[in-house]
Amino acid sequence: MLVMKKDTKIEFKRVNADISVGLDKHMVEERKALGLVNNTKQNSGKSVFQIFVSNICTFFNLIWVVVFVALIIVGAYSDLLFMVVIILNTTIAIIQEIKAKVTVEKLSYVTAPKITVVRSGREEKIPATKLVLDDIIKLGAGNQIPSDCILIEGKVEVNESILTGESQAVKKTEGQTLLAGSYIISGGCYARVDKIGKDSYIQSVAVQAKKFKSPESNLFKSINSLVKYIGIIIIPLSGLLLVSNYFSPGPNMHNWNSAIAKTCGAITGMVPAGMFLLITLALSLGVIKLGKKKTLVQDVYSIEMLARTNVLCLDKTGTITDGTMRVCEHFDFKKLTGIPNECIIANILNNQMSNNQTSNALVLKYKKANDFYASYNIEFSSKRKFTATYFDGIGTFAIGAPEFLHTGTLTSEMEQLIFHKQNEGKRILMLAYSPEALTKDELPYYMEPFAVITIEDHIRKDAIETINWFKENDVKIKIISGDNPYTVANIAKRVGVEDADKCISLEGMSIPEVEKIANDFTVFGRVSPEQKHALIKALKKEGNTVAMTGDGVNDSLALKEADCSIAMADGSEVARNLSNIVLLDSKFSSLPAVVKEGRQVINNVQQSSVLFLMKTTFTILLTLVAILTRSLYPFSPGQLLLLEMFVIGLPSFILAMQPNSELIKGGFLAGVLKRSLPNGLMLFFNVLVVIVLNKFGLLMAEGEFETLSTAVLIGTGFVNLVFLCKPFNILRVICVALSGACLLGGAIGLGGDFGLTTFTPKIFLIFIILIGASIPLHHFMPRLSDLIFEKIKNIDAKFKLKRQKRKEEKERKKKIKRNEIVLNDTEEE
């Protein structure tokens with residue numbers, strides 16, 4: 001083999017190391033020096049450079065730069081103070097996003113997969129990225145294959161759906177290739193690393209194929225829609241307003257400096273820049289706070305999806321139970337002469353390459369033995385629900401769920417025993433026998449029942465409290481398990497799951513049948529991986545936001561389908577890689593804290609965003625009035641600063657910190673617009689009154705119009721803030737008090753810089769009247785807003801109905817035409 005190093009070709013000899021010895025230290029160091037290391041580390045998040053670029057090179061920042069340059073050109077230097085706020089916003093956003101990135105990377109390192117490697121005759125666990133070419137590795141069920149390997153001992157079943165899209169298990173035996181990115185379903189083996197890093201097959205197919213999918217965030221879509229709509233509005237309105245300002249009658253007619261400054265004021269008002277900072281900050285802080293609570297968030301928007309969750313699907317094992325099991329009872333019904341059933345079980349366990357919690361419990365009870373020669377073995381898999389071994393000269397024995405062992409009709413004694421134990425919440429395993437040999441991975445036609453083993457799951461101490469929290473917070477619980485439904489239902493009842501008696505077995509059900517009954521039951525037993533996926537899909541179709549917890553290989557399809565997927569750190573590598581959120585302490589009780597954090601972030605962002613879009617709504621309406629009446633737009637950027645800093649900016653960040661665990665309802669954008677419209681109308685109507693007063697010559701003294709319009713804008717904004725903070729608590733009282741103090745201080749100390757230059761008794765009286773009138777109007781405006789949105793909704797529904805009727809009419813005409821053609825052809829014949 002030729003290896004390139006510093007533009008030099010070096011001859012390198014491959015090694016077929018013995019599986020019991022592996023590579024020695026010298027061989028490992030030689031490969032490291034040549035760069036033959038499995039460096040497949042992929043950063044699915046943003047790099048630091050990308051964080052800088054994404055926060056600086058935005059559509060709105062481009063607008064700010066244009067406004068900044070325009071104001072410098074016309075010499076309006078006093079209006080440039082807004083750039084300090086913009087620079088601070090951008091800087092804070094970058095810092096917080098980098099901090100969140102660092103937190104995620106530290107936690108990701110903890111959950112990074114470790115691979116068992118044989119080196120110098122010893123087994124050790126190392127990160128997959130430190131494997132070298134020709135390393136001997138040991139793989140078992142649940143392991144994700146770290147690089148392309150050649151299987152050299154053992155046999156496994158592999159899921160290659162990540163590479164091929166097919167979820168059917170693929171059998172691999174000695175000499176065959178194991179492809180990186182696929183994962184072991186059952187069995188165990190030793191394999192030699194054949195290709196590393198970018199040479200692996202998965203790198204040529206899809207670098208990020210094995211990573212989690214980004215959640216379909218309502219918040220993310222709303223932000224993008226908002227940017228698009230504001231972008232569509234702002235460009236034509238700015239152009240029209242500039243022309244209108246230039247030609248507006250008055251002392252500033254045909255004055256480009258005044259026209260540009262006032263147009264820049266309108267642009268500044270239309271852009272809700274701080275809102276995007278607020279969202280970035282809130283989500284980043286959420287990631288950091290959850291990191292401190294030992295929760296890895298692999299995508300910031302998954303916080304929102306978990307917060308919106310109203311259906312939580314749990315796998316019993318690892319969530320309600322802690323995954324540990326113990327054998328409770330053993331009932332013999334028959335046995336071979338001279339061979340105890342316990343001895344048979346010990347020999348079956350000795351031939352299992354893969355381990356799981358069930359086999360560990362059996363080993364603890366029966367140990368392992370090597371008394372008989374096994375010529376064929378079927379490893380356990382979640383799909384088969386059994387394991388089987390053929391012992392030469394004795395026959396085939398299988399251990400598994402009774403309904404999967406071809407045992408035919410059981411005796412009434414066995415049926416009663418199984419039914420009774422299942423109702424106690426016990427798992428049932430059966431030992432069955434056939435004298436026939438195993439020749440392929442299927443059981444003989446008939447297996448005779450020999451023994452029944454009962455196994456008990458250990459329920460988590462915190463399961464009852466956690467389930468109760470979800471009930472109290474309007475989240476439905478669904479239990480999806482591969483176990484018997486009655487066993488699972490009994491455990492679900494014990495921990496307080498509502499409607500746990502609504503249980504069903506999905507054994508033998510088709511996917512369409514599963515989708516039909518998804519919403520009718522609470523506990524689903526004997527569920528295959530494909531059926532889990534179908535259940536999640538069906539629940540989502542009904543308009544639910546579905547979260548799914550999983551820790552095993554068999555959960556992978558469902559985890560990828562869920563709106564938010566959650567894995568335990570002690571679960572399989574596959575589950576951790578596919579999940580949006582990983583609970584590093586593997587505690588089910590950690591989940592409510594994650595949901596609370598998500599709800600706090602999204603609810604508070606939704607409430608605070610009302611303040612930002614209030615200003616945007618007001619500015620768009622006022623701009624339209626200025627264009628239609630050919631009036632000079634009344635505000636320059638400097639006049640808006642007090643409103644932006646102390647009515648919107650500071651309060652929004654304070655309000656974003658308050659506790660809020662209410663279930664999130666409705667879309668982000670629709671909810672925010674519905675609440676911001678009445679507040680925007682309040683600002684608009686009061687400022688419109690000032691404009692009308694000025695038109696009729698009631699504000700004659702120099703600076704009166706500018707002072708009153710700015711004061712009314714700020715005062716009305718403050719009243720809106722007060723009403724938004726109702727009902728009051730300590731944090732909201734502090735928010736209102738701090739906002740009022742800052743506004744008063746700014747108006748008194750630096751009023752001239754913000755357009756507050758002429759406070760006469762007349763101005764003060766009009767100000768008091770208008771602000772006083774705002775208070776009763778606050779009870780009317782939300783109703784007006786509801787009427788407007790209802791009207792829009794009805795108009796939209798009518799348009800949709802018309803489109804549907806037109807579509808149906810076209811289909812009807814096409815059908816008539818097809819029938820006429822068929823009729824004509826028939827007549828011709």
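# Exercises on a predicted model

Just after helix 13, Gly 425 adopts a positive phi of about 90 degrees. The model is predicted: local features need pLDDT of at least 70, side-chain atom pairs count only at pLDDT 80 or more, and totals for chains, interfaces and linings use all residues. Residues are numbered from 1 along each chain as its sequence is written, and side-chain values use heavy atoms, with hydrogens and water left out.

## Exercise 1

Compare the span of helix 13 with the expected span, and determine which face of helix 13 is buried.

**Solution.**

Step 1. Helix 13 comprises residues 412-423, twelve residues in total. Helices (H or I, at least four residues) and strands (E, at least two) are DSSP runs, numbered from the N terminus.

Step 2. From the first C-alpha to the last, helix 13 reaches 16 Å, close to the 16 Å expected at 1.5 Å a residue. The expected span is 1.5 Å times one less than the number of residues.

Step 3. The buried residues are Met 414, Leu 417, Ile 418, Lys 421 and Gln 422. Seen down the axis of helix 13, these buried residues fall within an arc of 125 degrees, so they line one face of the helix. The arc is that of the directions from the helix axis to the C-beta atoms. Buried means under 20% relative accessible area, exposed over 50%, and partly exposed in between (1.4 Å probe, protein chains only).

Step 4. Ser 412, Glu 413 and Gln 416, on the other side of helix 13, are exposed.

Step 5. The buried residues of helix 13 pack against strand 12 (321-332), strand 16 (427-434), strand 17 (448-459) and helix 15 (485-494). Contact means heavy atoms within 4.5 Å.

## Exercise 2

Is Asn 347 buried or exposed? Name the residues that Asn 347 touches, not counting residues up to four places away in sequence.

**Solution.**

Step 1. Asn 347 belongs to helix 11 (residues 341-350).

Step 2. Asn 347 counts as buried because its relative accessibility is 0%.

Step 3. Beyond residues up to four places away in sequence, Asn 347 touches Ala 369, Asn 370, Asp 371, Phe 372 and Phe 391.

## Exercise 3

Is Ser 244 buried or exposed? Which residues does Ser 244 touch, not counting residues up to four places away in sequence?

**Solution.**

Step 1. Ser 244 lies in helix 7 (residues 218-247).

Step 2. With a relative accessible area of 8%, Ser 244 is buried.

Step 3. Not counting residues up to four places away in sequence, Ser 244 touches Ala 626, Ile 627, Arg 630 and Ser 631.
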